[in-house]
Each structure stands twice: as structure tokens, then as C-alpha cells.
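Visitor: Could you take me through the aromatic residues and the nonpolar core of this protein? I'd enjoy a close look.

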Amino acid sequence: MHKIRTSERTLIFPSHPPFLHDHPLSLSHLDTDRNLHLTFRYLRAYVSNATTSRNPFHVISSSLSQALPHFYPLAATLRRRQNDRRLEIWCAAGQGVPLIHAAADFTLDSVNFLDDPASIFVEQLVPDPGPEEGMEHPCMLQVTVFKCGGFTLGAAMHHALCDGMGGTLFFNAVAELARGSTRITVDPVWDRERLLGPRYPPRVDSPLIREFLRLEKGFSPYEQDIGEVVRECFHVRDERLDEFKRSLLEQCGSNFTTFEALGAYIWRSKVRASGLEAHEKVKFAYSINIRRLMKPSLPAGYWGNGCVPMYVQLSVNDLIERPIWEIAELIKKSKSNVTDEYVRSFIDYQELHFGDEITAGKGVSGFTDWRHLGHSTVDFGWGGPVTVFPLGRNLLGSVEPCFFLPYSTASAVKKEGFKVLVTLALAALPAFREDMRVFCQDPTM
């Protein structure tokens with residue numbers, strides 16, 4: 001039995017006061033999207049390094065303190081404004097980031113460097129704040145040192161503060177300071193209301209916004225009940241994936257990315273296994289980085305949410321009956337729909353209808369690809385992380401998210417291919433497993 005013992009919880013304060021007076025900070029209309037009203041949890045694992053005898057907890061706590069004057073909103077609290085109930089940041093003296101110190105009585109090697117994110121015990125490696133604590137402390141961290149000297153850094157960050165790229169900008173700053181730098185390379189930029197605020201007057205010129213989003217008082221996407229939900233990891237072999245993509249090319253003459261082809265297959269398989277009514281509408285949801293798409297582009301140090309959701313919508317019957325290549329084609333074409341006007345219309349729609357409770361509705365399947373996000377740059381002096389994976393069960397209005405993940409670089413097995421971490425209803429799992437056999441490393445699975 002793997003045991004993880006928590007020894008202390010410390011509040012890490014900025015190394016010097018980052019401001020003179022208590023004050024609020026406004027968030028952008030992308031930050032306050034209701035689909036981002038959640039805490040996102042993820043984990044990085046690091047192997048021991050013979051060249052350093054430093055204590056990971058002390059290194060990270062010290063460099064975190066030095067980074068917080070630059071990223072002080074992470075130590076602040078989230079609250080709702082009285083006039084419109086939107087989230088805002090309240091910055092006051094004496095605020096800090098909770099850092100939990102824990103120890104594991106086993107080695108990273110004994111658990112294959114945490115290469116299976118569906119393992120039950122990994123939940124103990126990342127803070128898991130409830131809704132109220134997640135507002136009080138929108139950033140919570142945990143360093144767990146293993147018997148081998150390796151360690152993990154678990155993060156629980158409220159999505160209203162930043163997306164994955166914004167979070168990585170922060171952790172890169174902490175890592176730079178941990179490696180001995182006296183200053184950070186990229187200065188963070190806030191200015192969220194100005195850079196991603198609504199137009200005046202606001203207008204929704206993109207017809208896609210009203211096609212995909214609707215107003216539904218009282219509906220909360222992350223509180224919908226689809227029965228018991230499970231998380232399982234599937235292994236995708238490059239050889240089998242290439243065969244699948246070649247077959248799609250032969251059928252329609254188009255080349256598809258892995259995200260388009262495998263995403264289409266998994267979406268259809270999940271929906272078919274769920275047993276939804278044929279007439280129901282379902283959505284494939286993913287996010288697109290808009291930092292360079294905006295006119296003008298967002299500055300390099302912008303660390304707020306810099307992505308917008310995009311959807312492909314079909315009826316259940318249409319999704320199941322169409323050939324896979326047609327679904328992949330819809331996903332491919334949807335990427336070109338994200339223009340500056342789509343983003344501005346999305347922001348303006350949030351301005352006009354935030355109080356009416358905007359939602360993408362039920363039947364949303366969220367997809368994201370973590371294989372090329374640059375997590376390896378976060379080096380605290382032990383080298384980059386050998387394993388990175390999310391623990392979030394909610395994403396883009398979906399309670400059944402799907403993540404494409406790389407294998408651990410330290411793992412001795414399953415080097416070829418990548419992992420797919422799927423959350424879905426327990427009742428749908430047997431049929432979905434059967435569909436995934438075509439890609440799995442072990443054909444007898």
C-alpha cells in the first residue's frame with residue numbers, strides 16, 4: 001500500500017510587499033466565462049539528481065516567494081462583484097500561497113514514474129480545495145518528496161486566473177529563480193480588462209456564437225448527473241494510429257492531424273457507448289490559443305486565459321451514422337472559424353448575457369492535447385519534469401473530458417505512442433474499451 005504523509009502546510013508570502021494599498025483587479029471576459037469557474041489540478045514529477053543535495057521543498061518555497069511580487073494575484077482571493085456578480089481579484093496585505101509539504105514512503109521507479117494518471121493514489125499528490133477554499137486560495141501547491149529523492153509538484157489553480165500557458169509562464173519564472181537567476185526573463189502582463197474587454201457598444205457579429213451557446217438559467221454544466229463517472233488511461237500505438245489515418249486518407253483524400261482523426265473516433269465512440277437519444281445534440285469542444293490571432297497580438301507576458309472554446313455540433317444519430325472522415329473534416333474546418341471577430345463576438349456575448357447564465361448545454365465532450373505544451377521547460381534545478389498530467393474531471397463545460405498525454409520520459413516501457421486519459425460514465429466504459437482496442441498497445445486488452 002502506497003503511503004503519502006503530509007507534514008506541514010505553509011503560507012508562502014511575497015519576498016517583499018508588491019503593492020502599497022489593498023485593491024481589486026478586474027479579470028477579462030474570457031477569465032470570467034462560467035465554464036472556467038473551477039479549480040484545475042495537475043502534477044509534475046521530477047527524478048532525483050546526483051548533482052544537487054538541495055531540498056526540493058525549500059528550493060521551491062524560496063523561489064516561489066521571490067516570484068510572487070511579480071505574480072501577486074496568485075496569492076490574492078477571488079470574490080464576486082456586487083453589481084454584476086462577475087469574479088474579480090481582491091489583493092490585500094498578508095496574503096500568501098499555501099504550500100503543502102508531503103513525503104512518500106516509496107520510490108518513483110516503483111510506480112513507473114507515475115505514468116498511469118488513473119492510479120488512485122495520485123490524487124493525494126495534488127491539493128484538492130473545495131469551492132470556497134478554491135476562491136480563498138486560487139493557487140495551492142504541494143511538494144511531495146519520494147524515498148528515492150525525486151519529487152512531485154502538484155498544483156491546484158483556479159481557471160479564472162490563468163490557463164495552462166499562463167500557469168506555465170508563472171512556473172517558469174519560479175523555476176528560473178530556483179536555478180539561481182536574479183530576475184525573470186518574461187515580465188508578466190495583467191491589463192486584462194483593456195486587452196480582452198468588450199467593445200462599446202458590444203455586438204455579436206459571428207453567427208457561430210448563438211449557434212453554439214445558449215442562455216439557460218439554473219443550469220450548471222459541472223453539476224449535471226450522468227451517473228458514476230470513472231477515469232481510465234488508454235495506450236495508443238503510433239503504428240496503429242498511422243494505419244487509421246492512412247485509411248481515412250484513402251477514403252476521402254484528406255490528411256488529418258492526430259487530434260482531428262483520433263478526436264473524431266473517440267467522440268463518436270463515447271457518444272455511442274453513452275446510449276443517448278438519437279435526436280439529442282452533442283458537441284465536440286476544444287480550445288484555441290488566440291494570443292497571436294488577436295489584432296494586435298497579446299503581449300508575450302500576458303498570463304490570463306488566452307484561449308476561446310470552439311465546438312462541432314451534431315445530433316447523436318448524425319454523429320454515429322456519418323463516416324469518421326466526415327467528422328474529422330468537421331473538426332479540421334472548425335479551426336478556421338476562430339477569427340478575431342469570433343473572439344470579439346464571444347467576449348461581447350459574455351458582456352451582454354453573463355447574468356443570463358451562458359452555457360454550451362448538455363452532451364459536451366471536451367478534448368485537449370497536452371503532448372506539445374512545453375512543460376519540460378519548468379526546471380527547478382533537477383532537469384525538466386519526466387511526467388506531467390492533469391487531474392481535472394471538468395473541462396470546457398464537459399464532465400467527460402479527454403486528454404492526449406505523452407508517456408513519461410523516465411518510463412522504461414510504452415515509449416512508442418502516447419496515452420489517452422478519458423473520463424466517462426461507468427456504464428459506457430465496456431463498450432468504449434472495446435472500440436479503443438484497435439489503437440491499444442496490447443491487442444488482447
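Guide: Here is a walk through the core and then its aromatic rings. Please keep in mind that this is a predicted model.

Let's begin with the largest nonpolar core, which has 145 residues. Leu 114, Trp 267 and Phe 380 are the members that touch the most others. Helix H7, spanning residues 258–274, gives the most to this core, with 9 residues. In soluble globular proteins, nonpolar side chains tend to be buried together.

Leaving aside residues up to four places away in sequence, Trp 267 touches Val 282, Lys 283, Phe 284, Val 312, Leu 314, Leu 319, Ile 327, Ser 365 and Phe 367.

Now for the rings: the structure holds 28 aromatic pairs. In one of them, Tyr 42 and Trp 370 have ring centres 6.0 Å apart and planes at 80 degrees, so the pair is edge-to-face. This pair links distant parts of the chain, 328 residues apart: Tyr 42 belongs to strand E3 (residues 39–46), while Trp 370 is in the loop between strand E14 (364–369) and strand E15 (387–390). Both residues, Tyr 42 and Trp 370, are buried.

Phe 284, one of the contacts of Trp 267, forms an edge-to-face pair with Tyr 286, at 5.9 Å centre to centre and 65 degrees between the planes. Phe 284 and Tyr 286 are both buried.

Tyr 42 and Trp 370 also belong to one aromatic cluster, whose members include Phe 40, Phe 71, Trp 190 and Trp 303. Over the face of Trp 190 lies Arg 192, at 3.8 Å from the ring centre. Arg 192 also lies over the face of Tyr 302, at 6.0 Å from that ring centre.

How values were computed:
Residues numbered from 1 in each chain as written. Predicted model: local features only at pLDDT ≥ 70, side-chain atom pairs only at ≥ 80, totals over all residues. Heavy atoms only, no water. Core = buried A, V, L, I, M, F, W, Y, C linked by side-chain atoms within 4.5 Å. Buried < 20%, exposed > 50% of the residue type's maximum accessible area, 1.4 Å probe, protein only. Helix = DSSP H or I, 4+ residues; strand = E, 2+ residues; numbered from the N terminus. Contact = heavy atoms within 4.5 Å. Phe/Tyr/Trp six-rings, centres within 6.5 Å; stacked < 30°, edge-to-face > 60°. Lys NZ or Arg CZ within 6 Å of the ring centre and 35° of its normal.
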